[in-house]
Amino acid sequence: MIKVIAIAVWICAATLGAVFYSFQAAGEKGVGETPKPMLGGLDYVKTDIISVPLIHNASIDGYFLTKLVYTVEPEQIKKLSIPADALITDQVYTYLYSNPQIDFTNKQTIDLDAFRAAIRDTINTRVGANLVHEVLIDQVNFLSKDEIRDNWLRRKKSETASEMTKAFKDH
């Protein structure tokens, strides 16, 4: 019986010693590296869909549609005297109209990284502070005027067909 008690006390002492040693070792080295927050403390704000008509040779070629998400510090955005969405929309228009060489029908000429960086940098320069940390693209699309016309015609045909079906059912 004394041997069993001695073994139990020895196991408890060894376990306590191991736990104590592991806490000491972890305290000196740290428990791995502390993870770096990607953009901790920032708010993610979504814009509405921004629609920019693209004009070439005095006619509309189509519409650039985008929905953006940008990261800002909550304290900084509260200091703005104009809405942030208006600022972002203005910068999208400015970027697209100041870069007429972008051909949206050719996807190889579109540099989304340059687009995001230009929006971020011009807003920060305009505000005079590091307001926008990152611009993310939630949605981007280009609709030519032919695609818009085709969609309108299809919608018109389906409305006409449904009106005719309804009129037929009523009689």
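In this predicted model, 2 cavities of 30 Å³ or more are present, a cavity being a set of points, on a 1 Å grid over the protein atoms alone, where a 1.4 Å probe fits but cannot get out. The largest cavity has a volume of about 70 Å³, where volume denotes the space filled by probe spheres set on grid points that are joined across faces, edges and corners. Its lining, made of residues with an atom within 4 Å of a point, consists of F64, Y95, L96, I102, F104, T109, I110, D111, L112 and F115. Helix 3 and helix 4 (112-127) are the elements that give two or more residues to this lining, helices being DSSP runs of H or I with at least four residues and strands being runs of E with at least two, both numbered from the N terminus. By residue class, the lining of the largest cavity divides into 8 nonpolar, 1 polar and 1 charged; here Ala, Val, Leu, Ile, Met, Phe, Trp, Tyr, Cys and Pro count as nonpolar, Asp, Glu, Lys and Arg as charged, and the others, Gly among them, as polar.

The second largest cavity, with a volume of about 30 Å³, is lined by Y70, V72, L80, A84, L87, I88, I123, L131 and V132. Two or more of these residues come from each of strand 3 (59-72) and helix 3, and helix 3 gives the most, with 3 residues. The lining of the second largest cavity comprises 9 nonpolar residues, with no polar and no charged ones.

The largest pocket, a pocket being an open set of points with protein on both sides within 12 Å along at least five of seven lines, holds about 310 Å³ of space. Of the 14 residues that line the largest pocket, L54, H56, D61, P100 and I102 lie nearest its centre. Strand 2 (50-56), helix 3 (84-98) and strand 4 (132-144) each supply at least two lining residues, with strand 2 giving the most, namely 3 residues. The lining of the largest pocket divides into 8 nonpolar, 4 polar and 2 charged residues.

The structure also holds 4 salt bridges, each defined by a side-chain nitrogen of Lys or Arg within 4 Å of a carboxyl oxygen of Asp or Glu. One of them joins the side chains of D138 and K46 at 3.8 Å, N to O, and links distant parts of the chain, with D138 in strand 4 and K46 in strand 1 (residues 43-46), 92 residues apart. D138 is partly exposed, with a relative accessible area of 38%, whereas K46 is exposed at 52% (buried means under 20%, exposed over 50%, and partly exposed in between, with a 1.4 Å probe and protein chains only). Another salt bridge is formed by R116 and D113, whose closest N and O atoms are 2.4 Å apart; R116 and D113 are separated by about one helical turn because they lie 3 residues apart in helix 4. In the salt bridge between R120 and D121, the closest N and O atoms are 3.1 Å apart.

Residues are numbered from 1 along each chain as its sequence is written. For this predicted model, local features need pLDDT of at least 70 and side-chain atom pairs count only at pLDDT 80 or more, while totals for chains, interfaces and linings use all residues, and side-chain values use heavy atoms, with hydrogens and water left out.
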